[in-house]
Amino acid sequence: MGKFILRRLLLLIPILLGVTLLIFLFIRLLPGDPASAILGERATPEATERVRNALGLDRPLHEQYLEYLSGLARLDLGSSFLTNRDVVDDFLQRFPATVELTAAALLFALTLGIPLGMLTAKRRGSWMDSAGTVLSLVGISIPIFFLGLMLKWLFAIEVPILPDSGRISLIDYNIPRVTNLMTVDAALAGEWGGVVDALRHLILPGIALGTIPLAIIMRITRASVIDVLNEDYVRTANAKGLPSVIVDSRHVLRNALLPVVTVIGLQTGLLLGGAILTETIFGWGGVGKWIYDAVVNNDYQVIQSGVLLLALIFVLVNLAVDVSYAFLNPRIRYS
Amino acid sequence: MTAPAVTVGATVDERPVGLWTDAFRRMRRSPAAIIGGVIVGFFVLVAIFAPFLTSFDPARGNLADSYLPPGPDHWMGTNIQGQDVMARIIFGSRLTLGIAVLSVVIGVSVGAFFGALAGYFRGWVDAVIMRAVDVMLSIPGLLFAIGVVTWLGRGVVQIAIAIAVLNVPIFARLLRASLLSLREADYVTAARSVGVRGPTLLVRHLLPNAIGPLIVQATLALATAVVDAAALGFLGLGPPDPATPEWGMMLSDTYRYLNNAAYLAFFPGIAIVLSVLGFNLLGDGMREALDPKLRR
């Protein structure tokens, strides 16, 4: 097991180096000089030269890359062109909000997706199965931003039962920020009404972001359960006269969930990308909204660092998923 | 076609059927593929005949007519500039389909080229290409596209390139995997044993048999491309001219007017959902029709 994790960690190094190199080359080689981006189009050549020098853009490319890497190792990714605030500080301050949102989305997707997948697999060919297939196909085909807009319109404007934006009602609650996870901070402050309010704010964005993963998890669970149902050990368990509840939970689901775990890792990429859209629609103060604002304002430093940091997180989540997969599946652990 | 279409125990009058004929026949029996095909066909027709379907200019608006709700003159209402929403959706289908097709064509060609190199030569070529693929796949898709567009600049071709970049590693990996599994197929061994070598083996025997999954994936990639293009437009990274009728751009900012002009978000959104659903249904239907495991 230790050897497996170590090997995976070593494999991670070239990939991470590749990601940094790719992003670095994008910044430096493609048109769109950061110096003119800072100064605007009407800058004098002298001023451009001064900024290029200050940013180290006039030095050889490999030196710039090493400089960039060493900055990365010190967690120094520069500062925003616009606000001059440290990019890593800004990222860390906003990231918990995105974690909270993606966790809500994933929770929604898993708690509905796994039972629905199991149900449609067991009733294969029934009207429920057909309905599930159609629903999951529609779910996959609705873009996050459209679903988000429609949810907001329906449940926050037409039938205003849920808040339309933000993470908590700021008028009612003044929660001291400790972890920047709003639900946790409210609980730490002992404001139970605030916890409920923060959870209510999570519902619409969580559903908007979680629907595509829900459809995918439902499909994978269904396919995987169907495979497992045909296994000899399930027939044996049924033949022994075990109650179907026990067969389903101990024999079927436990084996069928292995592919689902892998899919969760891949979903993180979708969730992090989708967070940009969801956070924009629901005014959610996370990393996604931060990157969107940077896009609107042409703040290159924030865009490139934001992309890099989220890519790092994506890679690390997939590592964690691989490792947990090895824990869950002895066939991998011992091979 | 070099598909091994010999049916063991076939009766004399039953002619062997090729993979494509068979696949097409089974697609006609799949409701998913038919509905998908009809939806896609509908949007293609709308794109082709756009000027005949509406009397409004999608880019010209009359400010006196801004924010008209759907009615007899403007079936889907007008936006803040007084432009007709329906005309913009109709003409927008050209842009959406164009970007989707262009991005998939670029993505498939470049991806398949590298995938073929990796699967055919193996060794260090394979190692280098596959590590590059790993790197590209480790950046979340939409973020990657945002990065590419911010660096390339805004524009229709730039958006297509950004989405193509997302597709390259997927197609490279797919073709490589098919080639590696096909190498061991009996008819490839047979071809090799009679002296077929090198490029002939690749072009005549390996590629035609690897192309099925590639076409299925390409159809599904069209669906993703429509969503990604719209997402970029929604985020304000669409074509620089705000008069351009692009579905995603039409949705952009609508979250500010939901309380009085929700139709501005509704109609373009439905167009996106329908076209994506069409490509997804078609792709799923094709996957089932082309899957040899499901052949009888």
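Predicted model: local features only at pLDDT ≥ 70, side-chain atom pairs only at ≥ 80, totals over all residues.
Local features require pLDDT of at least 70 and side-chain atom pairs pLDDT 80 or more, while totals for chains, interfaces and linings use all residues. Residues are numbered from 1 along each chain as written, chains are lettered from A and ligands numbered from 1 in written order, and side-chain values use heavy atoms, without hydrogens and water.

Q: How many helices and strands does chain B have?
A: Helices (H or I, at least four residues) and strands (E, at least two) are DSSP runs numbered from the N terminus. Along the sequence, chain B reads α-α-α-α-α-α-α-α-α-α-α. The count for chain B is 11 helices and 0 strands.

Q: What percentage of the residues of chain B is buried?
A: Buried means under 20% relative accessible area, exposed over 50%, and partly exposed in between (1.4 Å probe, protein chains only). The C-alpha trace of chain B spans about 75 × 50 × 30 Å along its principal axes. Of the 296 residues in chain B, the buried share is 53%.

Q: How far apart are the mean positions of the positive and negative charges of chain B?
A: Lys and Arg count as positive and Asp and Glu as negative, with His and the chain ends not counted. Each charge is placed at NZ of Lys, CZ of Arg, CG of Asp or CD of Glu. For the 22 positive and 18 negative charges of chain B, the mean positions are separated by 10 Å.

Q: Which element gives the most residues to the lining of the largest cavity?
A: A cavity is a set of points on a 1 Å grid over the protein atoms alone where a 1.4 Å probe fits but cannot get out, and lining residues have an atom within 4 Å of a point. The lining consists of Ile23(A), Phe26(A), Val307(A), Ile139(B), Leu143(B), Phe144(B), Gly147(B) and Trp151(B). Two or more residues come from α1 (2-29) of chain A and from α6 (141-152) of chain B. The element giving the most, with 4 residues, is α6(B).

Q: Is Leu214(A) buried or exposed?
A: Leu214(A) lies in helix α9 (residues 192-229) of chain A. Leaving aside residues up to four places away in sequence, Leu214(A) is in contact (heavy atoms within 4.5 Å) with Phe108(A), Ala109(A), Leu112(A) and Gly113(A). Because its relative accessible area is 12%, Leu214(A) is classed as buried.

Terms used. 1 Å grid on protein atoms, 1.4 Å probe; cavity = no way out; pocket = protein on both sides within 12 Å on 5 of 7 lines; lining within 4 Å.
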